[in-house]
Amino acid sequence: MQTQKLYRQQVFVFILLLCFSFIAQAATITAVADGDWANGTTWDSGTAPTDLDDVIIPTGITVTRLTGNNLTTIANFATLEVNGVLVIEDNLFFAQWSADNITIKDGGELNIGNNIEINIGDPGMHITVENGGKLFVGNQITTISSAHPERFIYNYGYIEVGLDITLDVNIYNYETGAMLVHGNIEGQSVLRMYNYGIITVDQDLNLFKTELENYASGNLIVFGEIYVMEGSHIINDGYIQSTDFRYASNTNDPGLDNTNGTLIVIEEIITE
């Protein structure tokens with residue numbers, strides 16, 4: 001009898017410790033003052049966030065992650081909600097074990113000095129820029145390893161990229177969304193772009209195994225070449241303009257469905 005009672009007590013203590021363990025591992029952490037991400041005084045918890053925490057940057061608060069102390073192993077959050085301003089002076093790096101979600105709310109701004117780098121895996125990675133939100137990337141949004149079909153960028157607001165998007169991801173640019181890319185957009189193997197808003201590319205749009213659908217409300221302006229390569233397909237029901245338009249010899253047929261859209265090519269259409 002005493003043995004059974006002792007066993008029940010041990011089980012109760014184990015369950016209690018397990019509950020406390022889960023409570024300790026995950027928390028919602030909110031910035032309470034302007035400051036460095038790594039400084040505990042910036043947060044209501046008194047400590048910097050971990051990769052298990054849901055992080056909130058409220059309106060009126062600016063959090064900075066300094067160069068040399070950047071989010072290189074980031075996943076210093078499980079989810080990140082930016083209502084104020086987050087400035088990352090170097091890279092935002094999604095590690096292979098992460099499925100981190102970022103939401104930039106109306107009035108929020110995420111400013112990344114260098115790259116967004118997405119490593120292998122990241123099966124549930126989502127970046128959502130809501131209407132009124134802004135994402136600035138100083139250099140590139142890039143995949144630094146193998147593709148994954150479940151990475152998503154949802155844009156209802158404004159995204160500006162200083163150089164290239166070289167990426168395997170699903171990009172949804174909605175009717176209120178605007179994207180400005182100062183370099184190229186290049187799909188590597190599973191890039192899917194769905195445009196209802198405005199996308200402007202200063203250089204080239206190189207599509208490899210890429211699905212691009214430009215809806216009736218969509219405007220895609222490319223101040224360079226649209227290159228439709230292997231396994232790629234463009235459906236245009238809206239407006240597309242480019243300097244040149246080129247088909248690779250192994251392009252799927254049809255590489256372009258422009259039945260209901262407008263396509264303007266300033267210089268030449270090239271078939272290899």
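Me: In β11, which residue is the bridge partner of threonine 103?

Reply: Strands here are DSSP runs of E of at least two residues, helices are runs of H or I of at least four, and both are numbered from the N terminus. Two strands pair if DSSP finds at least two bridges between them. In this predicted model, threonine 128 of β11 is the bridge partner of threonine 103. β8 and β11 run parallel and are joined by four bridges.

Me: What is the basis for the numbering and the values?

Reply: Residues count from 1 along each chain as its sequence is written, and side-chain values use heavy atoms, with hydrogens and water left out. As the model is predicted, local features need pLDDT of at least 70 and side-chain atom pairs count only at pLDDT 80 or more, while totals for chains, interfaces and linings use all residues.

Me: Which strand pairs with β8 over four bridges in the parallel sense, besides β11?

Reply: Strand β5 (residues 79-82) does. Threonine 79 has asparagine 101 of β8 as its bridge partner, and valine 82 stands opposite isoleucine 104.

Me: What is the order of the strands in the open sheet?

Reply: The order is β1-β3-β5-β8-β11-β14-β17-β20-β23-β25-β27, eleven strands with parallel pairing. β1 (28-30) and β27 (256-257) are the edge strands, each pairing on one side only. The protein has one helix and 28 strands.

Me: Is asparagine 155 buried or exposed, and what does it touch?

Reply: Asparagine 155 is in strand β14 (residues 152-155) and is buried, with a relative accessible area of 0%. A contact means heavy atoms within 4.5 Å. Leaving aside residues up to four places away in sequence, asparagine 155 touches Val129, Tyr172, Asn173, Tyr174, Gly177, Ala178 and Met179.

Me: How many salt bridges are there?

Reply: Side chains of opposite charge can pair when their charged atoms come close. The rule is a side-chain nitrogen of Lys or Arg within 4 Å of a carboxyl oxygen of Asp or Glu, and by it the count is two salt bridges. In one, lysine 105 pairs with glutamate 130, with the closest N and O atoms 3.2 Å apart. Lysine 105 is in the loop between β8 (101-104) and β9 (109-112) and glutamate 130 in the loop between β11 (126-129) and β12 (134-137), so the pair ties together parts that are 25 residues apart in sequence. Lysine 105 is partly exposed at 24% relative accessibility, and glutamate 130 is partly exposed at 27%.

Me: Where do the partners of the salt bridge between glutamate 225 and arginine 246 lie?

Reply: Their side chains meet at 2.9 Å, N to O. Glutamate 225 lies in strand β24 (residues 219-228) and arginine 246 in strand β26 (residues 239-247), so the pair ties together parts 21 residues apart in sequence. Glutamate 225 is buried at 14% relative accessible area.

Me: Over which residues does pLDDT stay under 50?

Reply: pLDDT is the predictor's confidence in each residue, from 0 to 100. Where pLDDT is low, the predicted coordinates should not be read in detail. Residues 16-24 stay under 50 and have zero contacts beyond four places in sequence. Residues 69-75 also stay under 50, with 26 such contacts. The protein averages a pLDDT of 83, and 78% of the residues score at least 70.

How values were computed: Buried < 20%, exposed > 50% of the residue type's maximum accessible area, 1.4 Å probe, protein only.
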